[in-house]
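Me: I'm new to this structure and would like a close look at one part, the packing of a helix pair. Could you then walk me through the sheets and the chains around it?

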Protein chains: 6
Amino acid sequence: MSERLEPVPLPDPALVYDLIAAALAEDGAHRDVTTLALVPPDQQGRGRLLAKSSGVIAGLPVAAAAFAAMDEEVELVPAVADGAWVEPMTTIGVVSGPLRSILSAERVALNFLQRLSGIATATRALTDAVADLPVRVLDTRKTTPGLRDLERYAVRVGGGHNHRFNLSDGVLIKDNHIAAARARGLSIADIVREARRGAPHTLRVEIEVTRLEEAQAALAAGADVILLDNMGLPEMAEVVTMVRGRALTEASGGVTLATVRAIALTGVDLISAGSITHSAAALDISLEVEAGTSG
Amino acid sequence: MSERLEPVPLPDPALVYDLIAAALAEDGAHRDVTTLALVPPDQQGRGRLLAKSSGVIAGLPVAAAAFAAMDEEVELVPAVADGAWVEPMTTIGVVSGPLRSILSAERVALNFLQRLSGIATATRALTDAVADLPVRVLDTRKTTPGLRDLERYAVRVGGGHNHRFNLSDGVLIKDNHIAAARARGLSIADIVREARRGAPHTLRVEIEVTRLEEAQAALAAGADVILLDNMGLPEMAEVVTMVRGRALTEASGGVTLATVRAIALTGVDLISAGSITHSAAALDISLEVEAGTSG
Amino acid sequence: MSERLEPVPLPDPALVYDLIAAALAEDGAHRDVTTLALVPPDQQGRGRLLAKSSGVIAGLPVAAAAFAAMDEEVELVPAVADGAWVEPMTTIGVVSGPLRSILSAERVALNFLQRLSGIATATRALTDAVADLPVRVLDTRKTTPGLRDLERYAVRVGGGHNHRFNLSDGVLIKDNHIAAARARGLSIADIVREARRGAPHTLRVEIEVTRLEEAQAALAAGADVILLDNMGLPEMAEVVTMVRGRALTEASGGVTLATVRAIALTGVDLISAGSITHSAAALDISLEVEAGTSG
Amino acid sequence: MSERLEPVPLPDPALVYDLIAAALAEDGAHRDVTTLALVPPDQQGRGRLLAKSSGVIAGLPVAAAAFAAMDEEVELVPAVADGAWVEPMTTIGVVSGPLRSILSAERVALNFLQRLSGIATATRALTDAVADLPVRVLDTRKTTPGLRDLERYAVRVGGGHNHRFNLSDGVLIKDNHIAAARARGLSIADIVREARRGAPHTLRVEIEVTRLEEAQAALAAGADVILLDNMGLPEMAEVVTMVRGRALTEASGGVTLATVRAIALTGVDLISAGSITHSAAALDISLEVEAGTSG
Amino acid sequence: MSERLEPVPLPDPALVYDLIAAALAEDGAHRDVTTLALVPPDQQGRGRLLAKSSGVIAGLPVAAAAFAAMDEEVELVPAVADGAWVEPMTTIGVVSGPLRSILSAERVALNFLQRLSGIATATRALTDAVADLPVRVLDTRKTTPGLRDLERYAVRVGGGHNHRFNLSDGVLIKDNHIAAARARGLSIADIVREARRGAPHTLRVEIEVTRLEEAQAALAAGADVILLDNMGLPEMAEVVTMVRGRALTEASGGVTLATVRAIALTGVDLISAGSITHSAAALDISLEVEAGTSG
Amino acid sequence: MSERLEPVPLPDPALVYDLIAAALAEDGAHRDVTTLALVPPDQQGRGRLLAKSSGVIAGLPVAAAAFAAMDEEVELVPAVADGAWVEPMTTIGVVSGPLRSILSAERVALNFLQRLSGIATATRALTDAVADLPVRVLDTRKTTPGLRDLERYAVRVGGGHNHRFNLSDGVLIKDNHIAAARARGLSIADIVREARRGAPHTLRVEIEVTRLEEAQAALAAGADVILLDNMGLPEMAEVVTMVRGRALTEASGGVTLATVRAIALTGVDLISAGSITHSAAALDISLEVEAGTSG
């Protein structure tokens, strides 16, 4: 499924800038008492961004924007591109410019870079495990409040695909919706039809099912995508066989590196995993400064 | 060190409200096409917030604020208080009100709650491991951009303490500052003195050292806190012995559940761990809806 | 198609409040030199909102919020509900409270109310003309910058349906996309397939065609919706016949009160009209004050 | 009255930028799923902005700013200046640059351009009808919430003049103020004097009257401008004759292309028309893309 | 000129709230490390707001809003009204509620209150000196960036009047405009006429003059207000005599407590003084806490 | 104490820009009716910034940013650097560019420049009086809401030092905290210990005392800084002698040009003065324009 060789498009630069500016303010980057006391304004320097663990790099343009937002004279020259897999102790970029600004923006730049690289790395682990199979690994809406655009970017950098962005651009009928509708006496088929009628005509209708019979009812009622949540592997395979391509099938729940391949082998079209965003460990990246002499 | 029995103070409610409002907008909570199509406006409902794994709960007031920001008629009644340790399948709160609003705000509320509970849980693991020792577990500035106040709250809920909030309220001379100053010919002692002179009089001076001799020089020059970064256990113990309470000692680097007790036993006063914020896995919490009939 | 008897859901109240607050600031409502000079602070009053032309009322809750944002002691009690058709000189609501606040917020409240009622009225004219036919009248993205949510609300109040909200929640391949793709050597079928592969799995694929052959190619390649832009009536009917329900058909271009019924009679499923938002005349509504005596 | 040959000054660029950024975000311009799926990042293109109806162009600098806000590599070169009258099928500008950005910003740029050109066109119709008479055509405060500055710009581009910007920069005593003051026992003369005393000394006092006697009383009490709202033509002429230049006279109410000249011939100095902003139809303008090949 | 006995209207509460929220955030009021360490969350308390110098109180509603923004359980009950003259050691209000919140908001509340009271006091000194004369004391645009609305409120509380709010609501032709116009060959009379023609019809035209001849020319050309900047007393009197009420006269420059009465005695209608806003000393006000016991 | 020869670092440029943009909007700089009527768009000009009183200049970069925010073609070339002492009638900078923009931004630029220069001048008066003594003059948190960063900059430009920025970056136990704690039965020593335990380890503990015994108790309990508020000179000297360098001593209250030297001679390390920010008179600075001819 690696049809896309081109660079992954970045989110709205204005949004990214606002996130960076808020982060710099939060971190008191312009009242950095330590740096102001120890580094003269005219001291220049360089710093290597060093990946200390292996993983997929994501967010170098964001880190560059963070340094530039601090001080337009600071430049980050990437040594690798977003999406590169690196081994431990790889230099992934070099920052140069006024040392005060480099040190005051360091933490903010790294906080973005480490988190996004962590997400890309977690995603890549899953996508690599199913690289030869006709399945897409998807993210979920279980992202950090405010950072969804960036985290979805990292998922794509890691080889994953994005599920719907938010509640507005996809109809996804989940267990709680079904419980709500059943309380009104609706069957699965009723629910699919009501969603189809009420939703914008530009959207497909996806519904979560727990049993084969529900999948059959949903399919008959016109569901476009069948979500199999926390279903056993044999049942999944049974649903896939039953559907026979008349709808897409998506698996979710309990997706880990240990399970993803077996899930994919059931023949589902899509596998979504919350863990790649809500529980990805940050990639260990540091900045190693080589200072110049003053002025 | 569990001297504080009172509730942990929450961050600025205006800040929390802004984060919530941005998250609801990001998630398209007011254009939830699925819920609008399937749930009538007058259908009421209840939902149980269910912790599916064991851990420390943090963020119930934030989740409550998220539901209330969506619709002031939605109420979350906590079943436990922030800071409680829960076993799997514990109901931690009950949400009730208009079902549309409950479903449309569900993800945002959970995204905050799961992340903060994950941080509190990771923190508690470390603090429990050293609960009988006179040491504080600290967070770092390795927090999610924009969420530092909330994540520090979760650390305190988990029994940890907060390090400086940002670059403005603590002097912390790190390896890169030392590299910058050495390039100007300064010794460790010079650096401590220059920081003392340049910093606000309200702040202590903390400096990172890598060897005993540096610790001695820093102490002699008046450092208030000595940071031992990635130092071996015997060396740490040696520094602690040398310092003899004349300054605080802080250990950082490689702090895990496996190592924290051994580090604490060296006698350091403080142990800081980036992982409790940058790499905490989200706690698994879901909402289980019981719908009423319409109107 | 009037399946929805329930009230149309309003947009995010926080968004509406922000628009109102910006409008009050823009209008200098708190520095209303005329009112401050002539109306004592304790003078109470009432005002009737009077529709001077016939039409559909939309936006009374927004007007109420505008008065309340000016002064929480001002209350607007609607005399009709949003969606009501009114004849000239109908009182549609009564405002009461401190007269200063009523007068200072009058213009902002009316500016929202007149515009939204104008849009609802223009929409109703079209939907009434095809009320007995199985077709939906849709809006477009030709809305006032910043007011899209409110204007779409007015369309629904007028009996219309909403097309996609924005570029994120619908795949709509228009003439310019086709020109861009053709320059790369792609056929209509290629384009549909590339869009299907590149787009999120939650979205249908809609494509604009100009000839029957293109419609056939698009349908064969899996298009979910066929947009017939500025096509002659016979050609439209021909496409509808060809499609035979295997995809939705949407007509756009030149949709007026004079043409909408004939277009609908071709059998298309959807008719979209930019004019209902970009060129709707404001409905004439005024405020007629009956002042109380001071204090 | 066409004394101004120079370009009309644009509103605050920071304000315009904020409106554009909000509009691009509202339209999901950076998550344009169709364009991202079909247009490679390196494909360049050109597009002609084509006026399909005759009218006055206004807002080309705003459209240019919208494209540039999307992507600084997109350039709009105007083919005519704001204020130009164009015939149908006139190319009014050419956009060039990365095709993705052109297509993603197209709708936002057009939404501004079509609305502002519609206002300028409606204004020009009125001003042309009275071009040989010593009268000014004015706008009102009946503008789109949030867009007042831009819409007043379009009025000036169309040859009109601006009335007060908001409630802070003009004393305009309207029927509701008079009703409020009469309830306190004040006469027209009292009202004018109280307004004069209470208002900033930098502002003139304008008052709405409905009869000749009121105009006389207002003039005697020192009114600077007499507003004749919905008054018959003979009565208007009578007031103008009575005033004899000792105050300005302004006509409002029922101002249309059919009536404006007759109103002007009464000799009033000013004619204000809400319709040029609240009910102007958008000018039909489209973008016609000529795509280059990829890379 | 004390015609106004009613309370001075406060600025837009939304604006005031935003200023307060920004000030609380700036002051770190929700991370008040001292108070959090020393005051338990359930300790209640009271505090007296004590004026330590004599002066005019202005801003008690703003201080109340600051405490309430910190914590809605904190209440400030004023002991005097804004506008009251107080002697040293007067209790002007009492704050009660949770002690933590009182202490954390104290400085922000006082910073607003002391500044506004200082401005009101400086204004009152001037207005008292000319209380028996038919002259108004005016402020200028020399206000603190961002606080103009509040500072103008304080001026009114002190018995002064407001000049134009900003560049948009008054035509004031100053020395630099005259220099600019003279460079284009315009005379004083030309300038007045050009301003009259170019300005909105709702505004008067005011012009600064330095000599009697200029005043004569300006008056003849139709100036509504003549500004006498830094003119000697005899010259001022001469201009006033010449004008004979056909325009207003305003004096500015060098207005102090020592000079204001002599200036007023020249017969000018208006005296404007920048010092009452740009150089007013803060009134000395403190908070004296009486703490309750915990819980 | 003039150890710092290098330029004082400016606050966050993004913060400064936001303050400027808000100030320009507040002043209606883009709707400057006078300038728009009198100055053609192509007229260029120059203006000298003229200090009319003696004092210390602070804020020239802010003024330059204000002109540039209005119009990037306006350039301010400083004739002196921030921190320079100037005599009356000194040209401190030259502004050149489009005259319209210069005139419309003039007041905002001057409002910042005059206030900051006033603060720097007031600070310099105090620091000069004790220049030969080993004492630092400090500001307080008695700053203008929203402008603290800029005002602290001006204090440093005037030779002063900054106290803590806000409640988050310093522990300062004041009379009200002590009253609160005493109500719970705590002694001075208890208070110091509780603050030390509850506060972040990066902060020193400062406490206000009124008597020698309290100072002794505070020192014994580990206070790092002893604040002597409104204490008599002999008592101050006595405390300084008692402390013998084991803590810092800070004097506050009643600090004026008349008293500052005597206070310093008691041997205190720090003197803080609220008056330098809350009551500094603006420095008199004006803009003198030399206009070019049009175009």
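**A helix pair in chain B**

Reply: In chain B, α3(B) and α4(B) are roughly antiparallel to each other, because their axes cross at an angle over 145 degrees. This is a predicted model, so take everything here as computed from it. The helices in question are α3, residues 60-70 of chain B, and α4, residues 99-129 of chain B; their axes come within 8 Å and cross at roughly 155°. The crossing of α3(B) and α4(B) is right-handed.

Which residues of α3(B) and α4(B) make the contact? From α3(B) come B:L60, B:V62, B:A63, B:A66, B:F67 and B:M70. On the side of α4(B) you'll find B:S101, B:I102, B:S104, B:A105, B:E106, B:V108, B:A109, B:F112, B:L113 and B:L116. Sorted by class, the contact of α3(B) with α4(B) has 13 nonpolar residues, two polar ones and one charged.

Now hop over to chain E, where a helix α3 (residues 60-70) can be seen against a sheet. Helix α3 of chain E lies across β1, β3 and β5 (90-98) of chain E, and runs at about 165° to β3(E). The sheet itself is open and has four strands, in the order β3-β5-β1-β12 (chain E), with antiparallel pairing. At its edges stand β3 (75-78) and β12 (285-291) of chain E; each has a single partner strand, so one side of each is left without a neighbour in the sheet. From one strand to the next, the twist averages 20°. Zooming in on one pair, strand β1 (residues 44-51) of chain E and β12(E) run antiparallel and are joined by seven bridges. E:G45, for instance, stands opposite E:A291 in β12(E).

Chain F gives us another place to look at strand pairing. There, β1(F) and strand β12 (residues 285-291) of chain F run antiparallel, joined by seven bridges, and F:G45 stands opposite F:A291 in β12(F). Strand β1 (residues 44-51) of chain F also pairs with strand β5 (residues 90-98) of chain F, in the antiparallel sense and over eight bridges.

Chain A has a sheet with parallel pairing: an open one of six strands, in the order β6-β11-β10-β9-β8-β7. Its edges are β6 (136-138) and β7 (171-173) of chain A, each with a single partner strand, so one side of each is left without a neighbour in the sheet. The twist here averages 25° from one strand to the next. Within that sheet, strand β9 (residues 225-229) of chain A runs parallel to strand β10 (residues 248-252) of chain A, with five bridges joining them; A:I226 has A:T249 as its bridge partner in β10(A). A helix lies across part of chain A's strands too: α7 (residues 188-198) of chain A lies across β7 and β8 (205-209) of chain A, running at about 155° to β8(A).

Finally, zoom out to the chains. The same surface serves both copies, as 99% of the contact residues of chain D recur in chain C. Some chains don't touch, though: no contact joins chain A and chain E, whose closest C-alpha atoms lie 11 Å apart. Chain C and chain F have no contact joining them either, and their closest C-alpha atoms lie 11 Å apart.

How values were computed:
Residues are numbered from 1 along each chain as its sequence is written. Chains are lettered from A and ligands numbered from 1 in the order in which they are written. This is a predicted model: local features need pLDDT of at least 70, side-chain atom pairs count only at pLDDT 80 or more; totals for chains, interfaces and linings use all residues. Side-chain values use heavy atoms; hydrogens and water are left out. Contact means heavy atoms within 4.5 Å. Two strands pair if DSSP finds at least two bridges between them. Helices (H or I, at least four residues) and strands (E, at least two) are DSSP runs, numbered from the N terminus. Axes are lines fitted to C-alpha atoms, for helices over the stretch in contact, and angles run from 0 to 180 degrees between N-to-C directions. Angles under 35 degrees count as roughly parallel, over 145 as roughly antiparallel, 65 to 115 as roughly perpendicular and the rest as oblique. A crossing is left-handed if the near helix is turned anticlockwise from the far one by less than a right angle, and right-handed if clockwise. Ala, Val, Leu, Ile, Met, Phe, Trp, Tyr, Cys and Pro count as nonpolar, Asp, Glu, Lys and Arg as charged, and the others, Gly among them, as polar.
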